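Trainee: I have just opened this entry and would like to go through it with you. Could we begin with the terms?
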Amino acid sequence: MINYKWISMDTYARKDHFAYFKEMGYPYVGITVDVDITDWLSAVKERRLPFFHSFLYAAAAAANEVPQLRQRIKEDGIIEYEKCLSSYTVALENGTYCYCTLDTRQPLEQFLVYAAIEQEKAVMQAGMDDGEDADALFFISSLPWLTYRSVIQPVPFPADSNPRITWGKYFTSEQKVRIPVSLLCHHALVDGVHMSYFYEQLDRKLYEMCKF
């Protein structure tokens, strides 16, 4: 079980916004940003690192830096996890996929070894179970075959409050390599400014990885 704390609704600044958006039929807000990965991609190729797990490492670390992305709706209140794991889709040979859950709170080199092992286990089990505490997850997926401008994701009813992070095929524009990265969040917890923090943190994490 991952530790969390309850947010006091008496002092919560977005109390009215929370009540308003929580009752909507589709309470999600999403955005897609073309993120510059020019220097990061060069570093990854030079060091022969796996693209997907390396980018997941940066994206999950960035999301964990934003408290609002670690918050979830629970019993008509709000909890905030101390950290969140990442549950992502792994393609299977039969054309379907399974889920693999990873913890990015470790050095990159150690994480990549651990991620490869966990993904192999997930493929062997070929399960659709996210684990005991699904609320403590970021839902991550990729579309490496497509460069896209927007994406519509399936969501449950009633709505969950897990952020969804998706990226597509990178491309070259104006001599820069960019990748479309989408973020879908529950608007009762997350506003546009918090989403912008995620992209700021993602830029920072990618830059830091270039310096390893």
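Mentor: Two strands are said to pair if DSSP finds at least two bridges between them. Helices (H or I, at least four residues) and strands (E, at least two) are DSSP runs, numbered from the N terminus. Please note that this is a predicted model, in which local features need pLDDT of at least 70 and side-chain atom pairs count only at pLDDT 80 or more, while totals for chains, interfaces and linings use all residues. Residues are numbered from 1 along each chain as its sequence is written, and side-chain values use heavy atoms, with hydrogens and water left out.

Trainee: Fine. In which sense do E1 and strand E4 pair, and over how many bridges?
Mentor: E1 and strand E4 (residues 77-81) are antiparallel partners, joined over 3 bridges. Within E4, glutamate 80 stands opposite lysine 5.

Trainee: What is the strand order in the open sheet?
Mentor: The order is E1-E4-E3, an open sheet of 3 strands with antiparallel pairing. Strand E1 (4-6) and strand E3 (71-74) are the edge strands, each pairing on one side only. From one strand to the next, the twist averages 35°.

Trainee: Now the helices. At roughly what angle do the axes of H2 and H3 cross?
Mentor: The axes of helix H2 (residues 38-47) and helix H3 (residues 51-64) cross at roughly 135° and come within 11 Å. Axes are lines fitted to C-alpha atoms, for helices over the stretch in contact, and angles run from 0 to 180 degrees between N-to-C directions.

Trainee: Which residues make that contact?
Mentor: Trp40, Leu41 and Val44 of H2 meet Phe51, Ser54 and Phe55 of H3, where contact means heavy atoms within 4.5 Å.

Trainee: And how close do the axes of H3 and H4 come?
Mentor: The axes of H3 and helix H4 (residues 108-125) come within 10 Å, crossing at roughly 115°. On the H3 side, the contact residues are His53, Ser54, Leu56 and Tyr57; those of H4 include Leu108, Phe111 and Leu112.

Trainee: Changing topic, how many salt bridges are there?
Mentor: The count comes to 12 salt bridges, each being a side-chain nitrogen of Lys or Arg within 4 Å of a carboxyl oxygen of Asp or Glu. One of them joins aspartate 191 to arginine 14, with the closest N and O atoms 2.8 Å apart.

Trainee: Which parts does that pair tie together?
Mentor: Aspartate 191 lies in the loop between strand E10 (176-186) and helix H5 (192-210), and arginine 14 in the loop between E1 and helix H1 (15-22), so the pair ties together parts 177 residues apart in sequence.
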